[in-house]
Amino acid sequence: MRSLLIAALLPALNGCADACQNTPLTSAVSPDGRHSAVLFQRDCGATSGFSTHISILAASDEPNSAGNIFIADDDHGAASVGEWGGPWAEMKWLAADHLLVNYAAKSRIFERADEVDGVRITYRVALR
């Protein structure tokens with residue numbers, strides 16, 4: 001009976017899986033080679049627009065969830081968008097422990113971390 005109940009619940013649980021897809025756009029390895037900053041587009045289906053995410057990961061990792069330092073959308077067309085459809089952004093390592101993120105003015109920000117895994121993040125709004 002227990003096996004039957006588990007078998008009946010499995011299809012319902014699979015429907016709860018993350019339906020979002022990450023498309024890496026650019027990445028940059030930190031000067032010391034420990035971290036990688038990855039800028040990616042995240043698409044969660046027809047009911048949501050494209051968003052721009054940035055994660056700081058171990059140098060060999062790929063993003064498999066939402067961004068851990070920066071998440072933004074174009075606020076219904078208010079912000080300039082990149083070629084990927086989400087709000088424009090770019091990143092640059094200033095030092096092994098310091099990342100600069102430039103992003104489009106009027107972006108709607110959902111995540112903006114100041115530090116992740118010993119890396120300090122500075123943000124600058126670009127008037128694009």
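**Entry: the disulfide.** I started with the S-S bond of Cys-20 and Cys-44: its torsion is about 110°, so the disulfide is right-handed. The two sulfurs of Cys-20 and Cys-44 sit 1.9 Å from each other. I counted a disulfide as a pair of cysteine sulfur atoms within 2.5 Å, and by that rule the count comes to one. Where do the two cysteines lie? Cys-20 is in the loop between helix H1 (2–14) and S1, while Cys-44 is in the loop between strand S2 (35–43) and S3, so the pair ties together parts that are 24 residues apart in sequence. My helices (H or I, at least four residues) and strands (E, at least two) are DSSP runs, numbered from the N terminus.

I then checked accessibility for both. Cys-20 is partly exposed at a relative accessible area of 23%, and Cys-44 is partly exposed at 34%. For the cut-offs, I used buried for under 20% relative accessible area, exposed for over 50%, and partly exposed in between (1.4 Å probe, protein chains only).

**Entry: ground rules.** This is a predicted model, so I note the rules here: local features need pLDDT of at least 70, side-chain atom pairs count only at pLDDT 80 or more, and totals for chains, interfaces and linings use all residues. Residues are numbered from 1 along each chain as its sequence is written, and side-chain values use heavy atoms, with hydrogens and water left out.

**Entry: confidence.** I looked up pLDDT, the predictor's confidence in each residue, from 0 to 100. The mean for the protein chain is 87, and 83% of its residues reach 70 or more. Residues 2–16 have a pLDDT below 50, and beyond near neighbours in sequence this stretch has zero contacts in the model. Contact here means heavy atoms within 4.5 Å.

**Entry: the five-stranded sheet.** In what order do the five strands of the open sheet run? I read the order as S1-S2-S3-S4-S7, with antiparallel pairing. Strand S1 (21–29) and strand S7 (108–112) are the edge strands, each pairing on one side only. From one strand to the next, the twist averages 20°; the angles run from 0 to 180 degrees between N-to-C directions, with axes as lines fitted to C-alpha atoms, for helices over the stretch in contact. I called two strands paired if DSSP finds at least two bridges between them.

I took a closer look at one pair. Strand S3 (residues 51–58) and strand S4 (residues 70–73) are antiparallel and share three bridges. Ile-54 has Phe-70 in S4 as its bridge partner.

**Entry: the four-stranded sheet.** A second look-up gave an open sheet of four strands in the order S5-S6-S9-S8, and its pairing is mixed. S5 and strand S8 (115–116) are its edge strands, each pairing on one side only. Strand S5 (residues 89–95) and strand S6 (residues 98–104) run antiparallel and are joined by six bridges. A hairpin of two residues connects S5 to S6, and Glu-90 has Asn-102 in S6 as its bridge partner. S8 and strand S9 (residues 119–126) are antiparallel too, with two bridges; Val-116 stands opposite Val-119 in S9.

**Entry: salt bridges.** How many salt bridges does a search of the whole structure find? I got two, taking a salt bridge as a side-chain nitrogen of Lys or Arg within 4 Å of a carboxyl oxygen of Asp or Glu. Arg-108 meets Asp-73 at 2.6 Å, N to O. This pair links distant parts of the chain, with Arg-108 in strand S7 and Asp-73 in strand S4, 35 residues apart. Arg-108 is partly exposed at 30%, whereas Asp-73 is buried at 14%.

Arg-108 also meets Asp-75, at 3.8 Å, N to O. Asp-75 lies in the loop between S4 and S5 and Arg-108 in strand S7, so this pair ties together parts that are 33 residues apart in sequence. Asp-75 counts as partly exposed at 30%. Through shared partners, Asp-73, Asp-75 and Arg-108 form one salt-bridge network.

**Entry: positive phi.** His-76 is in the loop between S4 and S5 and is exposed at 72%. Asp-117 also went on my list, with a positive phi near 50°. Asp-117 is in the loop between S8 and S9 and is exposed at 52%.
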